[in-house]
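This report describes how two chains are arranged and how some of their elements pack. Please keep the model open while reading.

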2 protein chains.
Amino acid sequence: MARALKHWGWGYEDEQPSPQELRDTAGFLTRHLGFGSADPERPVPLSDVLLPPPRLRPPESLSAFCSTDGYERALHAYGRSYRDIVRAFRGRFDHPPDVVAHPRDEGEVQAALDWAISAGAAVIPFGGGTSVVGGVEGAACENYAGVVTIDLKALDKVLEVDPVSLSARIQAGAIGPRLEEQLSQYGLTLRHFPQSFQFSTLGGWIATRAGGHFATIYTHIDDLVESVRALTPAGVWESRRLPSSGAGVSPDRMLIGSEGTLGVITEAWVRVRPRPIHRASAPVRFADFSAGAEAVRALSQSGLYPTNCRLIDAREAEVTGAGDGTHALLVLGFESADHDVERWMTMALECCADHGGTWERRGSGNRAGEAVGNWREAFLRAPYLRDVFIAIGVLSETFETAITWDRFPTFHEHVLGAVTSALRDVCGGAGTVTCRFTHTYPDGPALYYTVLAPARRGGELEQWAEIKRAASDAVIEGGGTITHHHAVGREHRPWYDRQRPEPFAAALAGAKAAIDPTGALNPGVLFDP
Amino acid sequence: MARALKHWGWGYEDEQPSPQELRDTAGFLTRHLGFGSADPERPVPLSDVLLPPPRLRPPESLSAFCSTDGYERALHAYGRSYRDIVRAFRGRFDHPPDVVAHPRDEGEVQAALDWAISAGAAVIPFGGGTSVVGGVEGAACENYAGVVTIDLKALDKVLEVDPVSLSARIQAGAIGPRLEEQLSQYGLTLRHFPQSFQFSTLGGWIATRAGGHFATIYTHIDDLVESVRALTPAGVWESRRLPSSGAGVSPDRMLIGSEGTLGVITEAWVRVRPRPIHRASAPVRFADFSAGAEAVRALSQSGLYPTNCRLIDAREAEVTGAGDGTHALLVLGFESADHDVERWMTMALECCADHGGTWERRGSGNRAGEAVGNWREAFLRAPYLRDVFIAIGVLSETFETAITWDRFPTFHEHVLGAVTSALRDVCGGAGTVTCRFTHTYPDGPALYYTVLAPARRGGELEQWAEIKRAASDAVIEGGGTITHHHAVGREHRPWYDRQRPEPFAAALAGAKAAIDPTGALNPGVLFDP
């Protein structure tokens, strides 16, 4: 039996903190932040939630894997953005799916898809449900007979491993730990570790162009995909396994980032690699974020290709326990399954020194520096912590983008200014906005902002909407992308529409209409319903 | 005044060999190959060619840059495949464009496009005209009022350089030497060197997903594109300048590889870099191609990322003067603008030694080994030589693909077998098919085959069609791609149609119909006219 997931937040039901642990954490966090309530609010229990009755019932032939059960509908009603968790925490489920399918093989995916389309329903492909952009919710489907969510998580097998080409054929519903566990039996790893790793799936990563472990070269799942297989209303879309191709427009690049609007991804061949055995890492201190940014720019233009190159501003380093708030921190690392990487590290540190970076110790082998370790732990703990933040009235959310280096300083200042100003308007001036680089390119960094602020209980959605609007406007006006790796979903649509070239929008709509004529697939995402 | 290009083959009219030089070369080549005629045939002079009369005349308002001149129409009638050159050599121009436009700015591109569409004409965007897949010819346009070819070469400026982000905004019509010359004034380089470099354009590279200088990581122009601007019948398609993005399906990846069917690319921001100052290279010998392939596989999975990693089989090494025919040769090289690369080279050579590779000397700085130099020179000379081959009755053509490592040995054997068998059938068993790796990936190599065989004068097109059919069938049946970097054009259509997923073909056709409703843009390429 699968462990039950928490219906309103992060993780499994059996790993939630006890009331006492929650109070202790609340006390610590409010002292640390200077705002929030030490008295955690309790979520509305699911037993008190009245869901709208399902508008559809699955036919008898699908009843073995389709359900209208309340817990299933609530669990699949939202992703895991701040907005989602607040709504679920408060027991507000306006648009849950009517039916949740848990197909156990591709035939059942096809059967669910066929039935849903014939019934006039909208179809939401669902992986880990960790979308932070409203990618999996059933809003705005009034013109459909109902909403059928197809949860792919039972398709979780590594089906085939090619140790010669270092590739593996993996089912789309495999969550991070499941696929890594199976690959590890071959001494291999995909090494795609988004923050949602514990719960998100390969298919979700591909559909949303997820960002992973590598700070350079293989930054997005896009770069690890060898071929994709998806079920569309017009038939099976399966590309050839190829190391690379130049045959016209790439079919894979049209599915990657399609966010469930063109088909249901069922499996993919991905590029895997032997587990690294050589490692070098160091936390490098910089007087401030801009000094660190100059070092990262030099590193990303050097051709050294560090595996980790995450620059964290002073305040964020402090909040996550990786620094004391007096300096920016660069988490720098190299790894290889093939060769010692100390030489690379030495050259990268020389580059940092040229830009005023200092460090006290270097880690190697499988040990990492303490600050690096602290930061990594905080990274994986963050989604759990957010549930606590919500309970104690702390607004906690992130947004991210990318920009070229020439525009970075002005852009960053503009975004910080806009968010700070919004925090003043909606949170009385308290709260922080911090920043880190998650990935880096020769022509610019990917910027990841974290907002922590005192929430007005019951008014969180409006508060966040205003902050998010200010941030997104600043990002789009400054020339950035509305998302580097969180996808568009329903929440980024207004800004995505400003970002994308008009003829491209028309072309993509033409592509969708050709293979999904009823517009069944994930309406509202990328396209209007 | 622009130098006049040769209307039937490679290069400028003023750099063609004299009759005596041609006879000397012919003598040398026929002795070297063991077939061909020492008495070169002469091309049909353009003055003897009767072109079909133009079906369209440009309006007065466009007459300053549009022409129906015979030389212009002949020059733009074909690309530069063997098939193209044979036809032009023999004075056969069945489907020349009716009008050739040479717009001097984007406004004139727009005017030409608008007029052509309103006149019911087909529009062929034209860069260097070096397509080897029938990408720019006016065949199968019977249902159009005529064919208007838009030659972009007057749009040849580097418009803007961003030395901070290492990017440059360049007009699509800039040929390789023109853009490198302008970038060199800033100490920068794009370093995209396809074999056609001397004559092909940035816009052509983007439209066809050209392969360039780098054997790893930045193998295709795709990886060097930061944003693209194109004129489409539905308006301007211009993406934002971004180091990376995860906002839905990539607009750039839909234009890249569209081969002129979605719009006329007018400019792009591309990723440039400082000119390399550290270099290391070595020719490494292997007993045979498969031993070399194992070394290249190990190298491409090592994370060392060599700049050059081209494995040449024994026969091809001999033909190009890089070897004596007894061994396969790996042209291995590293380069950097940032750091000494001797350490990388040492590790790569250790990897080669593990797989039986041997070498006598290593080059460094700006000197390269003699064998490496010979090979590079032969690489750039090849398109010129082909004109001579045609004159002396030697069939000379290439085809290329990519395959994963696990299937490589069987695939390669199958392809060689199919072509050898076709050579037996159509060339009496004489002739050679040789192979090199042009680019290499962790999951497989890009294979480039060269065919040299005795041609039957007047029967070359049929001979080559049969060989090409055998090769392409073998490539597609074996699971490869019909092209790694030569594009699809009109010549690869039958195999491309077998390769691409059906729903993708429908989606792409829907995308095209949405922005090019009259199907004016490059009919016959990727889609039916």
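## Basis

The model is predicted: local features need pLDDT of at least 70 and side-chain atom pairs count only at pLDDT 80 or more, while totals for chains, interfaces and linings use all residues. Residues are numbered from 1 along each chain as its sequence is written, and chains are lettered from A and ligands numbered from 1 in the order in which they are written.

## Relation of the two copies

Chain A is superposed on chain B by a rotation of 180° with 0.0 Å of shift along the axis, at an RMSD of 0.0 Å (least squares on the C-alpha atoms of residues with pLDDT of at least 70 in both copies). The two copies are therefore related as by a two-fold rotation axis. The same surface serves both copies, since 100% of the contact residues of chain A recur in chain B (contact: C-beta atoms, placed from the backbone, within 7 Å).

## Contact between the chains

Chain A gives 79 residues to the contact and chain B gives 79 residues. Elements that give two or more residues on the side of chain A include β8, β9, α10 and α15 of chain A (helices, H or I, have at least four residues and strands, E, at least two; both are DSSP runs numbered from the N terminus). The largest share, 12 residues, comes from α15(A).

By class, this side of chain A has 34 nonpolar, 30 polar and 15 charged residues (Ala, Val, Leu, Ile, Met, Phe, Trp, Tyr, Cys and Pro count as nonpolar, Asp, Glu, Lys and Arg as charged, and the others, Gly among them, as polar).

## A sheet in chain B

An open sheet of five strands in chain B has the order β5-β6-β10-β8-β9, with antiparallel pairing (strands pair if DSSP finds at least two bridges between them). β5 (158-162) and β9 (235-238) of chain B are at the edges with a single partner strand each, so one side of each has no neighbour in the sheet. Four bridges join β5(B) to β6 (residues 167-171) of chain B, and B:Val158 stands opposite B:Ile170 in β6(B).

Helix α4 (residues 106-118) of chain B packs on the sheet, touching β8 and β10 of chain B, and its direction makes about 145° with that of β10(B) (axes are lines fitted to C-alpha atoms, for helices over the stretch in contact; angles run from 0 to 180 degrees between N-to-C directions).

## A helix pair in chain A

The axes of α8 (residues 289-300) and α10 (residues 342-354) of chain A come within 8 Å and cross at roughly 140°. The contact is made by A:Ala295, A:Ala298 and A:Leu299 of α8(A) with A:Ala348, A:Cys351 and A:Cys352 of α10(A). By class, this contact has six nonpolar, no polar and no charged residues.

Methods: Two residues are in contact if their C-beta atoms, placed from the backbone, lie within 7 Å.
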